[in-house]
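Student: I'd like to learn how to read a few features off a model. Can we start with contacts?

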Amino acid sequence: MTDEKKPDRGQLRIDEQECKGCGLCIEACPPKVISLSERLNHYGYRTALYQGSGCTGCGICFMACPEPGAITVLRLMNRGAGSVSATGAVGGAAA
Amino acid sequence: MSNQSVAEYEVARSKAKSLYPRYERKEELQHQTHFCPGCGHGIVHKMVAQAIDELGVQDRTIMVGPVGCSVFTYYYFDTGNVQSAHGRAPAVATAIRRSRPESIVISYQGDGDLSAIGSAEILHAANRGENITVIFVNNAIYSMTGGQAAPTTLLGQKSTTTPNGRNAATEGYPLHVSELLSTLQAPAYIERVGLGDNKQIAQASRAIKRALDNQVRGLGFSLIEVLSPCPTIWKMTPVDSQHWVRDVMEKTFPLGVFCDRTKERLAAPAAQSVPAPALDELPGILGVAEEDLPEGNAAAMAKEQEIDLEVRIAGFGGQGVLLLGEMLAEAGLDAGLEVSWLPSYGPEMRSGTSNCHVRLSRQTIDSPLVTAPTVLVAMNEPSLRKFDRSVRSGGWIIYDGDEFPADCAREDVHVLALPFTRIADAMGDKRAANMVMLGAVLERSGVLPQASIDAALRRLIKNPRWVELDERALARGRELFKEALAEA
Ligand SMILES: Cc1ncc(C[n+]2csc(CCOP(=O)(O)OP(=O)(O)O)c2C)c(N)n1
């Protein structure tokens with residue numbers, strides 16, 4: 001990852017054990033950054049998989065998902081344009 | 001992911017606070033809902049929870065879940081929860097909302113529940129303009145029971161009860177609940193939304209929040225009908241089901257607001273109901289003179305004594321099982337105790353078996369069920385065999401029979417077995433056996449003042465001949481118990 005690259009506006013966390021692989025988030029995601037895993041989870045479901053980049057943090061997948069906690073959407077904290085690097089080496093981020 | 005890169009981001013959307021972090025389900029399933037993959041119920045649950053969070057009403061929200069796939073709201077919502085009988089949620093919600101005016105009450109119902117078996121309850125709750133929020137999840141089918149037709153099933157839609165597709169000539173037309181209820185004068189807000197695509201989902205979420213907010217602001221009855229996918233019963237993939245909501249279901253059930261009186265209600269609140277009268281006003285309303293009211297004998301009770309009497313009484317119908325229980329409860333009331341009396345019997349008026357649960361306590365009684373009695377009154381052998389194992393250790397079984405069946409004996413339970421029916425017969429009428437047995441129970445518990453028992457007898461028995469016989473029967477029961485104790 002280079003410092004010049006603008007960080008994604010959003011990120012996704014997917015709880016593999018809660019996801020039932022229905023695919024509604026994949027359908028709902030505007031930038032199409034979610035796919036279905038090859039691996040099966042503990043319950044035998046293929047689960048949603050975030051490709052790791054490209055999330056806009058819009059939160060649409062969260063509302064389309066029937067499972068209460070399977071998806072968590074994170075958004076880039078607004079700290080003034082251009083002051084954040086992709087590696088996150090900015091102080092005070094925990095605030 | 002390094003800590004540093006996580007720190008750049010903040011959580012924007014995550015599990016609602018009003019849903020439990022883990023569910024009280026079987027070990028393995030505590031972090032999973034019971035919903036099938038792609039089920040609309042899950043989505044609606046999230047919307048409701050989010051609305052509760054955003055309006056800050058979690059601590060005073062009570063969910064009423066009925067029967068159907070929505071039955072387990074109490075697994076998920078970290079709010080008050082009541083589970084109602086099939087279709088009755090609006091009636092239950094009415095009771096809760098009226099008796100706890102500060103509560104926010106949500107009746108969450110499926111289409112089989114609301115539009116079939118519960119059609120009367122929803123109609124009248126809406127017509128009364130109850131200040132509740134109804135979330136009506138319409139998936140055009142009975143899902144939990146495996147796909148029978150509902151009133152909302154589409155024309156031509158196949159189900160297990162319409163295998164060739166719904167035919168208007170035999171099964172009528174899909175019921176338009178939102179339109180129907182909107183013809184009433186009382187409802188404040190009725191809207192139909194769908195889960196057919198992102199736009200619809202966003203609108204559904206807004207509508208649900210609005211319906212809840214209406215209640216918070218006291219505007220009256222709100223109902224949101226949600227067209228919701230059921231991939232399992234529809235036999236489609238979750239994504240195809242979603243499309244089916246938008247492309248097919250919506251043609252029968254158009255989306256939109258059917259009734260909105262919120263503005264006028266804000267300007268001029270709906271007619272306010274008259275608050276229920278206070279308890280001490282009741283005698284006046286009922287035309288009972290103050291001096292005719294029973295005073296009760298609470299003063300005769302030993303103040304310091306802890307009381308938690310849990311009695312199960314069982315026998316054949318006609319043996320006076322329920323009356324025995326009623327006497328005990330009535331005497332308890334007279335003595336100023338908290339009481340509960342719960343009869344349980346079959347459809348037979350005579351014969352058959354019947355039993356009842358009675359609790360007497362100084363504390364508020366949480367449940368009227370007596371699953372581990374301190375005293376079991378068994379008026380015949382089948383009743384004894386049904387409940388003998390349930391008696392609490394150190395408790396008593398009072399049994400009508402010459403001999404106590406040896407295999408029912410327990411080391412940790414006392415037994416008084418006597419031919420009570422024959423004893424009563426010898427006193428004048430075998431039907432007084434229940435009162436002889438009650439005499440034994442009273443003697444064993446020893447807490448109720450005799451004056452309370454006399455008062456209960458006079459309140460429940462009107463025939464003087466019976467009052468006289470029952471008095472003797474009660475006294476005889478006491479004696480028999482004392483004799484048995486002396487012998488032991
Ligand atoms: C009094 C009564 N009658 C019938 C049933 C059986 N029953 C359980 S769920 C159900 C249908 C529920 O359908 P719906 O309300 O559409 O909910 P869904 O499961 O589709 O979400 C029925 C008929 C019952 N539990 N109680």
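Tutor: Contact means heavy atoms within 4.5 Å. Leaving aside neighbours within four places in sequence, B:Phe221 is in contact with B:Ile122, B:Ala125, B:Ala126, B:Gly129, B:Glu130, B:Asn131, B:Ile132, B:Val134, B:Pro187, B:Ala188 and B:Tyr189. Bear in mind that this is a predicted model, where local features need pLDDT of at least 70 and side-chain atom pairs count only at pLDDT 80 or more. Residues are numbered from 1 along each chain as its sequence is written, and side-chain values use heavy atoms, with hydrogens and water left out.

Student: Is B:Phe221 buried or exposed?

Tutor: Buried means under 20% relative accessible area, exposed over 50%, and partly exposed in between (1.4 Å probe, protein chains only). B:Phe221 has a relative accessible area of 0%, so this residue is buried. By contrast, B:Leu286 is exposed, at 63%.

Student: How do I read a pair of aromatic rings?

Tutor: A ring pair is described by the distance of the centres and the angle of the planes. Here, rings of Phe, Tyr and Trp (its six-membered ring) pair if their centres lie within 6.5 Å; planes under 30 degrees apart are stacked, over 60 edge-to-face, and the rest tilted. That rule gives 9 aromatic pairs over all chains. Take B:Phe72 and B:Tyr74: their ring centres are 6.0 Å apart and the planes meet at 85°, so the pair is edge-to-face. B:Phe72 is partly exposed at 21%, and B:Tyr74 is partly exposed at 35%.

Methods. Chains lettered and ligands numbered in written order.
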